[in-house]
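This report covers helix packing, salt bridges and surface features. The sequence and structure come next.

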Amino acid sequence: MAQDLTSLTDLATPKTSTLPAASSAASTQPWSRAQWLLLVTLCVVLALDGLDVSMVGVALPSIGRELGLDTGALQWIVSGYVLGYGSLLMLGGRMADLLGRRRIFLAALTVFAAASLLGGLVSDPSLLIATRFIKGLAAAFTAPTGFSIITTNFAEGRERNRAISIYTTFGASGFSLGLVVGGLMTALSWRWTFLFSVPIAAVAVLLGLRFIPRDKPAGDGGHDAWGAVTLSAGMLGLVFTLVSAPDAGWGSARTVGGFAASALILAAFAWIETRVKHPLIRFGILREGWVARANLSAVALFGSYLSFQFIVTLYLQSVLGWAPLAMALALLPAGLMVAGSAPFASRLIDRFGATRLVVAGLLSLSVGYLLFLRIGTQPVYATDILPSVLLLGVGFALGFPSINVQATAGIHNDEQGLAAGLIQTSTQVGAALVLAVTTALVGPGGHGGGHASAAAMLDVFRPGLALSTAVAIAGLLIAVAPRWWQLRERRRAKI
């Protein structure tokens, strides 16, 4: 059985491109101080993106009380960020390739810091949502650009695997630990969940000016303006329709029309890309089997994880009556495991390969979700909640960096921004889709209605928990099935 598993994962391991001899030699040398500070700068910015999402989620009840917002309006504080982030990730990554990574990264980070400051000062709900949308737009440029800066400044192989593992672990840690930071900041004021990022982002800009190497934009010209317009419009329409569907109704004319219009615009984008000399996106990148599987794995991992966290935070607060900080501490072990895995993730990838770790991560997540399905209204934390939390921490720590390594392996330098934007778009848009369906399944009953019993509220949450479990298992099957088929064909050939 162990030999079969080894064969399955080896068959799907991508063949990486051959690097120049100088790069191969450099990969054996210790990183310089400048390389470390470059990586630290990029890691801090990605961690801020994750912190921002989870901190604001904890602060939503306080924002609602102070500004007089209902649940629907509060949802747009989260959805506004997702709308900006998910709609422009592909464009952000490709623009970095075409216009220069350093320039794009620093400009977007400056906008992120300014929007954070404004969000912490305003009291008008519309302006607050607008600042969230702007921050999402900025993060849509910093996240893939930071990723492509790493992949173009660290040689492919062990050196790049190590850098990507540290980088993605920081992002996952920021998202997980943001629950605790958000609880602490909310105890002071919900405004500090916005202002917290400002000085850190400002320091990151100064570090970036010093340590991010200057790079030249792509020299072949042809920025594909119509492709950029149709891609941005199509993704904006798709993500907007996804996040607004639970309120409008999945079968409403608005939702159906939104999906249809987005599909038409994206079809026009695809038509344009096959006919222009310098396409914004080369669709041939998806013909590489490992790239397609990595993107599907990202949808399964992050979509199931974000939706599960959404359900669990409601369960702990609405059913069990826990305070936000107590809830955050209950989930802290998963965040600590993800954060603590940073020194070891790249070594595991080098030893076992990204493909095996993706399978192991999705398996761990699936088992954790299955265990949580037995939860009741009076759980014992140590036996009923903690095992799932630990399994989720293991799954995310193994799967998230491995998926990102797999998604960019063997991709030429001038398309690293495209590959990075693609994997992060899959992560965010996939998460938005799964979360939107989860929100629809939970419905208004999941926000507590004061008169509902704990058992009745838990029954409302169970379909959402089942969905997270099903998504993770589907991702696991997608990761394993092609390898099983290839192993079967190999055995037939030997007969």
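## Crossing of α3 and α5

Helices α3 and α5 cross in a left-handed manner; a crossing is left-handed if the near helix is turned anticlockwise from the far one by less than a right angle, and right-handed if clockwise. Helix α3 covers residues 33-67 and helix α5 residues 101-121, and their axes come within 12 Å and cross at roughly 40°. Axes are lines fitted to C-alpha atoms, for helices over the stretch in contact, and angles run from 0 to 180 degrees between N-to-C directions. On the α3 side the meeting residues are Leu42, Val45, Leu48, Asp49 and Asp52, and on the α5 side Phe105, Leu109 and Phe112. Contact means heavy atoms within 4.5 Å.

The model is predicted: local features need pLDDT of at least 70, side-chain atom pairs count only at pLDDT 80 or more, and totals for chains, interfaces and linings use all residues. Residues are numbered from 1 along each chain as its sequence is written, and side-chain values use heavy atoms, with hydrogens and water left out.

## Overall make-up

The protein has 18 helices and zero strands. Helices (H or I, at least four residues) and strands (E, at least two) are DSSP runs, numbered from the N terminus. Of its 495 residues, 54% count as buried; buried means under 20% relative accessible area, exposed over 50%, and partly exposed in between (1.4 Å probe, protein chains only).

Among contacts with a separation of 6 or more, 85% are between residues 24 or more positions apart. The accessible surface comes to about 20300 Å², and 68% of this belongs to carbon and sulfur atoms. Areas come from the Shrake-Rupley method with a 1.4 Å probe; for residues, only the protein chains shown count as cover.

The whole structure contains five salt bridges, each defined as a side-chain nitrogen of Lys or Arg within 4 Å of a carboxyl oxygen of Asp or Glu. One of them pairs aspartate 52 with lysine 135, with the closest N and O atoms 2.4 Å apart. Because aspartate 52 is in helix α3 and lysine 135 in helix α6 (residues 125-153), this pair ties together parts that are 83 residues apart in sequence. Aspartate 52 and lysine 135 are both buried.

Glutamate 66 pairs with arginine 191, at 3.5 Å between the closest N and O atoms. Glutamate 66 lies in helix α3 and arginine 191 in the loop between α7 and α8, so parts 125 residues apart in sequence are tied together. Glutamate 66 is partly exposed at 47% relative accessibility, whereas arginine 191 is buried at 16%. Leaving aside neighbours within four places in sequence, arginine 191 is in contact with Glu66, Gly120, Leu121, Val122 and Ser123.

Arginine 374 and aspartate 384 form a salt bridge with an N to O distance of 3.4 Å. Ten residues separate the pair: arginine 374 is in the loop between α15 (354-372) and α16 (381-408), and aspartate 384 is in helix α16. Arginine 374 is partly exposed, at 47% relative accessibility. Elsewhere, salt bridges that share partners join Asp52, Arg132 and Lys135 into one network.

## Nonpolar surface patch

Trp250, Leu433, Val437 and Leu441 make up a nonpolar surface patch with about 300 Å² of accessible area together. Patches are made of residues with over 30% relative accessible area and no salt bridge: like charges are joined within 9 Å, nonpolar side chains (Val, Leu, Ile, Met, Phe, Trp, Tyr) within 5 Å. Leucine 441 belongs to helix α17 (residues 416-442) and is partly exposed, with 40% relative accessibility.
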